[in-house]
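Please consult the sequence and the structure shown below.

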Amino acid sequence: MSERLTLPVLPLRDVVLFPGVSTPIGAGRPSTLRAIEAALKTDAHLIFAVSQRENADHVTPGVLYTTGTIAKISQIQRGLGGVQLLLHGEGRGTAVHYTETGGHLEAVVREVEDLPPINPDDPAFVALHREARERAAELGQKSGLPEEVVRQVLEGASQPGRLADLVAGYLEIRPAERQALLETLAVEDRLRRVLVHAQRQIGVLDAQEQIKSQVQEELGERQREMFLREQMKAIRKELGEEDEGSEVEELRKRFADLDLPEAAKKEVDRELERLERANRDSMEAQVIRTYLETMAELPWNKRAEESLDLKRAAEILEQDHHGLKDVKDQVLEFLAVRQLRQRAPRGDEGAGAGAGARGNEDDKQKKGSILLFVGPPGVGKTSIAKSIARAMGRPYVRISLGGARDEADVRGHRRTYVGAMPGRIVQGMKQAGAKNPVFLLDEVDKLGVSFQGDPAAALLEVLDPAQNDSFTDHYLGVPFDLSEVLFIATANFLQSIPGPLLDRLETVNFAGYT
């Protein structure tokens, strides 16, 4: 058609309106508002919607394309910042020329018709039309539209040219590419271009879905775990077993406050997961719970503040014991040497060792580091050990080894046994509540030997400064640091103590009754 119309101009930023498509538009510029008012004064409410070549606030004919869409204003909503329009594209139009009238632009527009294919029944064109329709339906569904809605919309565009405009109106492409589709009058050419863009967008959506699946797979395990935990809480609540879930969470919080070694942390996490999966009333859950509570009560990073003052130590020994002058002098000498070792720089000790002392530094550190009180019963061996703990400001703990015949008394039982429990060393550390107590090993001369092992051999690791920083109790199954413990042993007879064990001890003789 060659009919010419004089219409107000609606400049569009980054938007291209196609015939047969409805699009909401926001307008706020004064010249645009005047153009809208001019269109509303006519009976047809027609306006020429044309895109800008560049994003400019002041619109001149030079920044506008010549091909646009003759649109009808279907709805209008006024607000403080401007108006909201619903435009429906009626047909293509070409601006013959633009003029400025009454503070807005007007255009003399000539309507433009589509160029149909030479042979609409050509198999190639029919196949192109069918492929474009199928790809449009696929794109709509991949974009999240319901299948029924997509089918109804496509049924409303039976003509190839109308289908091309409909699909082009919803493609996510650059404004320049949309304008090129609007300016393409040949239906077959426009349909082919739309098919290429639709296929490309489907590929983008497929790649996006694949990336989303990969991300979901990476995050899925953690989200799935959280989801299952919430479900587990709900199930336990229904069964009246809420306390079990809160118990596990409480244990997690207790372990989070402890500075556990890496090996212990790994073992604790594994046992917590097993406890969550186990039935609350099962024997396995009871064993795991006891183990975790034992681990949580051990002093992994808690130390007692030591305050060793030799003058105060001498006063305490005098207050607690009458006589025993030789013993008290030997104990004070031991404490003085210990205090000097703590104050002396490591380099000075090494230099002294190289100057004239026999043996290497390790031998020096081991020699005389553990006291052995030897004497008959009732002469004050245990009470002297208590006074040493009070003088140093450390907690005091005592275990009796008299009659111990099983290595498990020292190292503990393996958790595979029913009624397994940690050894006496770990139990004593749990009782002390600190990493550096004064630990009394009473009656080491009465250790026995049986087919179940030699407890004296297990004590060698406990009392060896080179090994006891990673003492492994069979029950715990992870290393525990005993290097800061001050061990003191007592005995009635030296002859009953194995030679290798006696070599690690510094003997302090207590006089008898006569």
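Which residue in β13 is the bridge partner of Val374? The partner is Asn509. The model is predicted, so local features need pLDDT of at least 70 and side-chain atom pairs pLDDT 80 or more, while totals for chains, interfaces and linings use all residues. Residues are numbered from 1 along each chain as its sequence is written, and side-chain values use heavy atoms, leaving out hydrogens and water.

**Sheet**
- Five strands form an open sheet in the order β8-β9-β12-β7-β13, with parallel pairing (at least two DSSP bridges between two strands; strands are DSSP runs of E, at least two residues, and helices runs of H or I, at least four, numbered from the N terminus).
- At the edges lie β8 (396–400) and β13 (506–509), each of which pairs on one side only.
- From one strand to the next, the twist averages 25° (angles run from 0 to 180 degrees between N-to-C directions, with axes fitted to C-alpha atoms, for helices over the stretch in contact).
- β7 (residues 371–374) pairs with β13 in the parallel sense over 4 bridges.
- Helix α11 (residues 325–343) packs on the sheet, touching β7, β12 (486–491) and β13 (contact: heavy atoms within 4.5 Å).
- The direction of α11 makes about 155° with that of β13.

**Helix pair**
- The axes of α2 (residues 123–142) and α4 (residues 160–169) come within 11 Å and cross at roughly 30°.
- α2 is therefore roughly parallel to α4 (angles under 35 degrees).
- Contact residues are Phe125, His129, Ala132, Arg133 and Ala136 of α2, with Pro160, Leu163 and Val167 of α4.

Definitions and conventions
Angles under 35 degrees count as roughly parallel, over 145 as roughly antiparallel, 65 to 115 as roughly perpendicular and the rest as oblique.
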